[in-house]
Amino acid sequence: MKTLIIAEKPSMGRTIASVVEPKGKNHKTYIEGQNFIITWAIGHLVELAEPDKYDMKYKKWNLTDLPIIPQAFKLVPNYKTRDQLKTISELSKQCREIINACDAGREGQLIFYFIRKHLGLKQAVKRLWISDLTPETIRRGFQNLKDEEEYTNLTRAARSRSEADWLVGMNGSRAFTIQGKTLVSVGRVQTPVLALIYDRQKEIEEFKPAKYYEVEAQFIQGAQGYKGKWMGEKLVDPTQAQALADKVRGKMGRIAKYEKKHTKDYAPKLYDLTLLQREANAKLHYSAKKTLDLAQSLYEKHKVISYPRTNSNYVTEENIPDMHRALEALRGTPYEEWVRGADKSLVHKGNRSICNPSKVEDHHAILPTNKKPGKLTPDEQKLYDLIVRRFLAQFYPAAEYWTHLIQTEVEQERFKTQMKQLISLGWKVVYPDSSSKKKSKEEPEEIEETKEAFEIMSSEPVRCKGAKCMEKETTAPSLYTEGTLLKAMESAGKRIEDEELREAMKDAGLGTPATRASVIERLKKVGYIELSGKKLTLTDKGRSTIEWIREIGIDLLTSPEMTGQWERRLSQIAKGQASDASFLEQVKKLAHVIVEKVRQQPAPVATRVRASEGPRELAKCPREGCEGGVIIEGHKGFGCSQYKQGCTFVIWKNSFGKKLSSSMVQTLINKGQTNKLKFKSKAGHPYEAKLVLKNRNTGELELEFINHKRAER
């Protein structure tokens, strides 16, 4: 009998088949060769069941029925992909052994576990665990297959995550929706993230700027000039500041303290997914989701980078030869210049800034593979460029500087100067435009850099040739961008600048690298936040939701620190260091607390739906099982009149940058798609597409591009 290989996606299944069964016959939903049958999931083929699968009474949303705490969670097939699940079931009967080739991570483990459990597969299972999809890596992975039992703890963590999210999301969303008389979405991760955004916006709104004054002096010693800032306490009196400037201007002074030291600026760490998303947002203005999608394409479709959903910035000893091969593969590419200047001896097992096995869990840092890229889209090329340059930087020495720390005294007043004089660019040659210059957290913003010779004689006098008083104003913290929000999620909202402390907090962040983008997208979709340029702003709905939750005393649900600790517990479960049963007991207790708190106090008036007089009925609700529901227009979307009974169908008025009219929504529901519409890309370029009703149960939409030409959006 043959061995059945189950990959997570069709593209991955076909890639694996091209290596292990290159002459295999393609049967559309699987590929059969001499020794292996390769098939695939299409994401989650099996999911946790909705409440009505436990008891039909849960079809209607009643506060008295909450909380819903299943004794044992039930699994149901995803309706849209049930045929593929049937294919896997039939193929499994022909095979004596199964290989789990789903994504090598927590979610991939869950996808396979749900399939295996629902179908009752009894065959022995091996695990393919690989970090890229090059033929060499796939072959090596098949030579080193592991027993599935070695990943039991990871499976427990994956299942616990899924069940915890169900318990909080299902009970919390139902309770708040019933009491608030409007659709309210809460979640174990999304609500604390929303609270972060709320707290930042409140801090900005309540901020009161205060004026202060700085005195800057210009000094000269021989032919060498430099600037210095007064070292006293913050000046709030402009008269005092101006008097100080007048006092020192034109006077002679001395070098009170001078320190010159040789410093090095080492290459920034390799990318993990969150760091890549942060930098792509800052430099390329990509959303977290867009970066993840592009990275997945570079990994799955083009096979030019390693597995992107990693939380590590390091590699193991086994990866060092792969890095050397990947460097050689970049010869003959636009990176040839930097490949020629690279020093392989700098990337070795003893270099702990690169190779640190203790900081590699499921996957190493994101690396280019030894496969040369073919035709990439412009956006894929830009992201690939970020990854390649960060990789190349590891093969270069540190940038070197002379750092000058000077204290100049004039008329008993001291001024401080910090100057960095470039000696050698080192790794920074890889970034000729200097747009990726690494900034040290220990250095203040006013440090000055120069490529020119800089020398001060500590024994020689100095003249203050000029001084000025500068009016300044304290500034509020900035609204979150997706990049800065990702950083906050990584450290559970704590403002941590120290890289080592941030590294230690990774297991206690909000969500995982693989899920953070989807959390941000979820907050946008339910109307809690919106983009204003690059900034994330809170909507009235998002604001009132957090205020209501806190008003009734469920601070635990909005606590980034608590949710971060839960994420740490899931990480410990995956390592066999904590109990999944005790974790879920904690979550069940929280579900009880949420329901009881909501039951005791209804929503504030501000969060309730204002019943409109005689709402216009646009169409029958298309959601399966929704009897008597009709679609009506609300303030921000078109939803079902049966929302009180639990129908969650909604089409948001603002979708894909287009404001939808009631007639468009009627067409979507009745025909499944709109007529041809005109859109504009982020760059302002016009393009044409249709809106398609992707999911008739939820109202989720997608774009269908005309002539299959997708504009750069």
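1. Lys181 is found in the loop between helix H5 (152-180) and helix H6 (190-205), where helices (H or I, at least four residues) and strands (E, at least two) are DSSP runs numbered from the N terminus. Phi of Lys181 is near 55 degrees, a positive value in a residue other than glycine. At 40% relative accessibility, Lys181 counts as partly exposed, a class that lies between buried (under 20% relative accessible area) and exposed (over 50%), as judged with a 1.4 Å probe on protein chains only.

2. This is a predicted model, in which local features need pLDDT of at least 70 and side-chain atom pairs count only at pLDDT 80 or more, while totals for chains, interfaces and linings use all residues. Residues are numbered from 1 along each chain as its sequence is written, and side-chain values use heavy atoms, with hydrogens and water left out.

3. Phe656, which lies in the loop between strand E23 (654-655) and strand E24 (658-659), also has a positive phi, of about 55 degrees, although it is not a glycine. With a relative accessible area of 34%, Phe656 is partly exposed. Most residues other than glycine have a negative phi, and most peptide bonds are trans. A cis peptide bond joins Leu66 and Pro67, with omega about 0 degrees, and Pro67 sits in the loop between strand E5 (46-48) and strand E6 (75-77).

4. Seven strands form an open sheet of mixed pairing, in the order E2-E3-E4-E1-E7-E8-E9, two strands being paired if DSSP finds at least two bridges between them. Strand E2 (25-26) and strand E9 (146-147) stand at the edges, each with a single partner strand, so one side of each has no neighbour in the sheet. Strand E8 (residues 124-127) pairs with E9 in the antiparallel sense over two bridges, and the bridge partner of Lys126 in E9 is Asp147.

5. Helix H1 (residues 10-20) packs on this sheet, touching strand E1 (2-7), strand E3 (30-32), strand E4 (36-40) and strand E7 (95-101), where contact means heavy atoms within 4.5 Å. Among the buried residues of H1 are Met12, Ile16 and Val20, and what covers the buried residues of H1 includes helix H4 (135-143) and helix H9 (288-300).

Methods. Axes fitted to C-alpha atoms, helices over the stretch in contact; angles between N-to-C directions.
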